[in-house]
Amino acid sequence: MVYSPLPDVPRCAVVDLGSNSVRLVVFEGHNRNPMPIFNEKAVLRLGRGLQTTGRLNEDGMAQALTVMNRYAAISRAMGAVPFEALATAAVRDAKNGPELVDLLEQRIPGLRIRVLAGEQEAGLSAAGVLCGIPDADGVLADIGGGSLEMVRLRAGTRGQASTLRLGVIRLAERAGNDLARARAIAESELAAVPWLPEGSGRDLYAVGGAWRALARIHIAQTGYPLNMVHHYTIGREEARDLTGMIGSASRRILERMPGMSRRRIEDLPFAAVVLRRALRATGARRVVFSANGLREGWYMERVPPEHRAQDPLLSAGHDFARRFGRDPNMPPALLAWTDPLFPGEAGDARRLREAVCWMSDIGSHDHPEYRAEQSYLRILRQPGVGLDHPTRAFLAWTIAVRYEAEPDAPYLATARALLTPEAMRRATILGVALRLAYTLSAGTPDLLAGTRLDANHRLTLRLAEGSGVFAGESVTRRLDRLAQALGLNATTELAA
């Protein structure tokens with residue numbers, strides 16, 4: 001029996017038919033933040049030998065039909081429509097690329113294959129990165145097996161783009177597997193792109209499986225507290241050290257490195273060469289790794305314009321409230337109720353507080369003994385694409401405090417490592433305030449409306465008579481804790 005999703009939760013499926021691997025991703029919904037519910041990859045290395053023969057690898061082509069039949073069956077069974085494949089450098093450059101496209105489309109009913117020109121591939125990669133990093137400013141570099149797409153990003157808008165024959169498989173073949181020759185080839189081709197120096201002092205956004213593998217090695221080697229590549233950021237010198245180490249290590253040393261993917265051992269030295277040369281060509285100050293790229297760009301084509309324009313952070317908050325909250329009117333009421341605690345707040349700080357308010361009831365259906373930990377981990381590890389690591393830590397810490405987590409609880413170690421002292425102080429104040437608000441109101445905006453906070457020279461909780469709220473022991477205790485976090489004394493007043 002074929003499964004059909006709920007009518008208001010559509011699904012769509014895309015296959016990235018690349019030079020090295022073929023990957024199926026099934027997305028659920030058409031929200032601002034892509035929600036992948038299935039992800040499977042097969043390494044076919046269609047582009048192996050393309051540099052010398054001009055043709056796709058015959059073994060890879062034979063496997064492609066089997067793999068694509070499976071992906072089509074999965075998409076049908078999951079009710080994903082449309083089901084589309086995006087063919088990149090290997091298929092578009094090979095003499096027998098059209099032959100593979102015809103074979104797959106004839107044998108697999110309903111399959112549509114888009115053979116992307118370099119400009120189109122760059123555009124989708126840019127859309128995918130901007131989906132997760134809307135204000136990206138610098139240069140996007142998306143490395144595959146056959147090509148490297150470079151795109152200038154200017155404060156969230158796409159600029160010039162270039163496609164270079166610097167994919168890891170193609171570069172290795174062009175260089176005869178000689179890293180010194182590969183360095184010279186990469187340096188020469190990058191030097192021919194006149195706009196790359198505009199990235200000086202900005203960020204280099206690294207997309208592609210080979211570069212994600214480099215990030216995982218760095219995460220493992222440094223003991224970074226969050227095992228998540230998306231938004232992982234390292235400075236220029238750290239990136240130079242990493243690529244230098246990978247580019248000069250023997251295979252035996254590479255095999256023993258923590259975080260090393262054995263499937264990537266042949267490719268990683270060439271990926272390191274290209275990243276190091278891209279850093280030099282752009283003058284970028286940091287490398288920001290993105291798990292988003294071509295597939296997420298394809299997904300964003302299907303998102304309604306009004307959703308596409310949403311703030312991904314606040315959209316993630318709304319998604320949490322819709323799935324786990326009890327009253328959709330409570331988050332806006334909480335935002336207004338906590339305003340007096342944060343005078344002069346604006347910009348990103350206010351966005352963070354608003355997002356927390358939307359997420360503040362996500363533990364309402366969990367077991368009381370585990371609400372704090374469960375809510376903390378749910379937020380810290382959510383797939384939301386627009387959340388960098390400090391943002392995740394801020395949101396997770398605040399919600400853990402809202403559910404009265406012990407400050408020294410071992411599971412909070414990741415947030416402690418990622419937050420500055422000032423950010424932790426602010427998150428603690430907001431979390432304690434939310435705990436007080438929910439104690440007063442039972443999670444309802446009607447009861448919360450009978451209360452108000454003032455925080456001038458002292459913290460005053462004003463309660464309206466006859467509103468159903470009163471300053472019992474639990475309220476007094478939580479008010480005192482909030483006052484302590486603010487460095488103020490607390491008092492309660494009744495208002496007529």
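**Notebook: a helix, a sheet and a domain**

I began just past helix H8, where Gly-223 takes a positive phi of about 65 degrees. A reminder to myself: this is a predicted model.

Next I looked at H8 itself, which covers residues 209-222. I wanted to know whether its length made sense.

Among the buried ones I noted Trp-211, Arg-212, Leu-214, Ile-217 and His-218. Buried here means under 20% relative accessible area.

Then I turned to the sheet. I traced five strands in the order S3-S2-S1-S4-S5, forming an open sheet with mixed pairing. Strands S3 (36-43) and S5 (112-115) stand at the edges with a single partner strand each, so one side of each has no neighbour in the sheet. From one strand to the next, the twist averages 15 degrees.

I zoomed in on one pair. S1 (residues 11-17) and S2 (residues 21-28) run antiparallel and are joined by seven bridges. Here I saw Val-15 standing opposite Leu-24 in S2.

What lies across these strands? Helix H2 (residues 58-77) lies across S1, S2, S3 and S4 (83-87), and runs at about 170 degrees to S3.

Last, I checked the record. In an unreviewed entry, UniProt places "domain: Exopolyphosphatase C-terminal" at residues 345-488. Over that stretch I noted 57% helix and 8% strand, with the end C-alpha atoms 19 Å apart.

How values were computed. Residues are numbered from 1 along each chain as its sequence is written. This is a predicted model: local features need pLDDT of at least 70, side-chain atom pairs count only at pLDDT 80 or more; totals for chains, interfaces and linings use all residues. Side-chain values use heavy atoms; hydrogens and water are left out. Helices (H or I, at least four residues) and strands (E, at least two) are DSSP runs, numbered from the N terminus. The expected span of a helix is 1.5 Å times one less than its number of residues. Buried means under 20% relative accessible area, exposed over 50%, partly exposed in between (1.4 Å probe, protein chains only). UniProt positions are given in the numbering used here, feature names are shortened, and annotations may be inferred rather than shown by experiment. Two strands pair if DSSP finds at least two bridges between them. Axes are lines fitted to C-alpha atoms, for helices over the stretch in contact, and angles run from 0 to 180 degrees between N-to-C directions. Contact means heavy atoms within 4.5 Å.
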